[in-house]
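Please look at the sequence and the 3D structure below before reading on.

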Amino acid sequence: MTQLFDIGRSALTSYQNALATVSRNVANANTPGYARQSVQFGELAGGGGVSVVALNRSADNSALFAARDAVDERAFAEARAGTLSRIDTLISDDATGLAEPLRRLAESVDALTAQPTDIATRQTVLAQAEGFAAQVQSLSQTLASEAGQGAQQLMGLVGQAQDQLDEVASIQAQIDKVGVVDAAAATLMDRRDVLLEGLSESLGLKSQINGDGTLRVTLGNGQPVIEAGQAVRLGLGSDEQGNIQLTTNGNLQPSRVVGGEAGGIMQVLHSDIPAAQDQLGRIALAVGETFNQAQAAGTDLSGNPGAELFVNPSPQVRDFSGNTGAAAISAAVADISALPASRVTLSFDGGGWSATDARGVNLPVTGSGTAADPLLFGGLSVELTGAAANGDGFVIQPAPASQFAVNSLSAESLAAAAGGSTANSGDNSNALALQASLRGGLLDGGNTSIQNANVNWVSATGQSAASAISSADVARAAESFALDRRDAIQGVNLDEEAADLMRFQQAYAAAAQVLATAGNMFDSILAAVRG
Amino acid sequence: MRITNSMTYRSMLAAMQQRQQGQFEAQQALSTGVKFQHAKDNPIGAAGVLRAENLLATLESRQKNLDLVESKASYAESRLGNLTDTLQSARDLLVRSQTVAINTEDRDLLAEQMRGLAQDVAAIGNTRDADGRPLFGGTSPNLPFSGGAGAWSLDAGMSAPIQVEVASGRSLPAGVDVRAAFRDSSGTVDLATALENMAAEIALSPTDDAGKLARRDALDASLTEMDAMLERTSRARSSAGLTLEAVDVIRDTNEAVKLNANEELTRLRDADVAEEVTKLANESASLDAARAVFQKLQQQSLFDYLR
């Protein structure tokens, strides 16, 4: 008889426990990271009662791992697609791009060839020159502010990742201490998994929960970021070429080991934005050079050689931070048609100089580096002072667009007439020469006109943006697939919970009935004894 | 596969967002009239659009140049017409001064008229254009004739007119080359001075036979020279006419190129309204369906049956 009481009581407690689990599932159906829980019943030894032998947490480590990977990829692709789309919009829009100012400038020169002495026509050329320079400035500033925002975002991401990583380390320590899975431990694990996914999303950290329940969190190359239960210190630093990079405990990490949003931003900062800046600078320099050369070759209305219309950018040199030799360089543009639309890395190794553009294409180097015989490569001319050590290098930005500006000239100062003409000459041959240079192949070895260089730039940026967007679409689809796989295992299905609720409620009611029956039996016996 | 609530929610949301994106794109295409807004939506098309727009701008400049060439040539043509009339009058004076019965008073009158015509020739030569620059004289900033009656001289800086581009690889002069027309056959005496010299010949009244003979020969020679001057003027005038003819031909060709470029631009850029309207209707219908399904799924729960 007491056995009936014991069995009934064990069932009541177990089903109460089961119902509590169901209600936790229902309550957390929309909680991010929550893994569905279920109870596992077991027979009580000897007595025949029931007990909850385990709380199961429906989490699958391989599905979680795949989901984190997919989130990492998606965040990386989206960060890059976002910035590239903005750059694309910027340079392909009529209002912000170079196409319209370049066209207007060309039109004003066309008009100048027809009416070389007309003051209003000359003023239009000056106004369009100012408009072009202003557009270059504005694009350059917008790109700089994109870079600034990217750096800010990186700081935010790294700061947030540090907090998350610290929390993961401390949660894991608690989980390790508990040993068994109970409701509290399950909550900790849910929280840990949310944090790990966040770390994949922000920095592309990889994390693996081993069979024995231990956790391993690493960078993309397998280097652990939680060591002996302690999270490493994350930070940002500059590499040799001045690129912003992740640091762990103060050590620089190569950008390829960083994924997620930070990885995407780094790629944008290291290659996409500099590429846009260099394209912009090269076009500005080409326009400036063309006008200034034409000005110098011609005669203005006062009978003098023309003054420089544009202030052209000059190459900017950045020494590798790890240079050990005493070499210093000064660079100048020697041949604009050979200039690559990217920055150039000049490095000294094995006693010789070598140069590569941003895509890693080798640029042949000639010359010895003296003033009489400068190093020549990629349209640049470089003079050296001091001796370089092996491994030393320099990054040369051929035409920083931010330096591009327009001089304020009077309308009379435009040199439309041929050199040596008299004052007030109605000659237009220098304006015709300018028109021809503007239209002619000036860049890429004499194959590309300035306007076409812009068209190519817009089109290539559009291509990169389109392919980044399609990568992001693919990554989103893959992510949705991976998240579905994860949620199929650990998500909550309310119908299922409702069914469980009914099932356990009925069982609970039945167990209560067992107790009531036992009570009745007990009463019957008592009544029989009293007689 | 076990379907959980978060999966349903996520996939329904993604479906609605995708439909909304499609709807937004179609709406944008319809409201702006262009197929794509930025290069990323169609990189190759965007490059084509930019090239076509650049070509159209160049064509626009060339059409403006044609207008300029036309206005300069027709003004020059009309002024050279005046010059022809003036020289014709001068020729008449020469012929009348050859009459045997002419008296001294008449000679003086004819000579006076001839000097007036010399003034007229200089005035025609010194015509200014609408922009205030000398119409004749090419790139020189100076008026062709200077000095005034009795001391005419021709600007040494006179040149051919400037050439302006009117089609790819084709230029036309913005004006007429009058350097030959404004001088006599020797190339050293300007037209106004030549007429004044003739006036002096007309005014001569020799009394002896030798003098009379000399005057007649001189007037004969002047008449020959006058015909040559008329010939050179008419040649300059017809060169203006040729320029005007060329303007018409090139303008037609440019219009054809422009039409082509515009068609290319339309093909690359302009939205196909029928297509976009269909797309909008499609996307809207799909969005409605997605919303209805979402609502239906959200309503369905076993909990509703638990009483």
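What follows describes a predicted model, in short sections.

## How the model is read

Residues are numbered from 1 along each chain as its sequence is written, while chains are lettered from A and ligands numbered from 1 in the order in which they are written. Because this is a predicted model, local features need pLDDT of at least 70 and side-chain atom pairs count only at pLDDT 80 or more, whereas totals for chains, interfaces and linings use all residues.

## A sheet in chain A

Chain A has an open sheet of three strands in the order E7-E8-E9, with antiparallel pairing; helices (H or I, at least four residues) and strands (E, at least two) are DSSP runs, numbered from the N terminus, and two strands pair if DSSP finds at least two bridges between them. Strand E7 (234-238) and strand E9 (251-252) of chain A each have a single partner strand, so one side of each lacks a neighbour in the sheet.

Strand E8 (residues 244-248) of chain A is joined to E9(A) by two bridges, and A:Thr248 stands opposite A:Asn251 in E9(A).

## Where chains A and B meet

In chain A, 47 residues are in contact with 40 residues of chain B, contact meaning that the C-beta atoms, placed from the backbone, lie within 7 Å. Helix H8 (450-490) of chain A is among the elements that give two or more residues to this side, and H8(A) gives the most, with 15 residues.

Key:
Contact = placed C-beta atoms within 7 Å.
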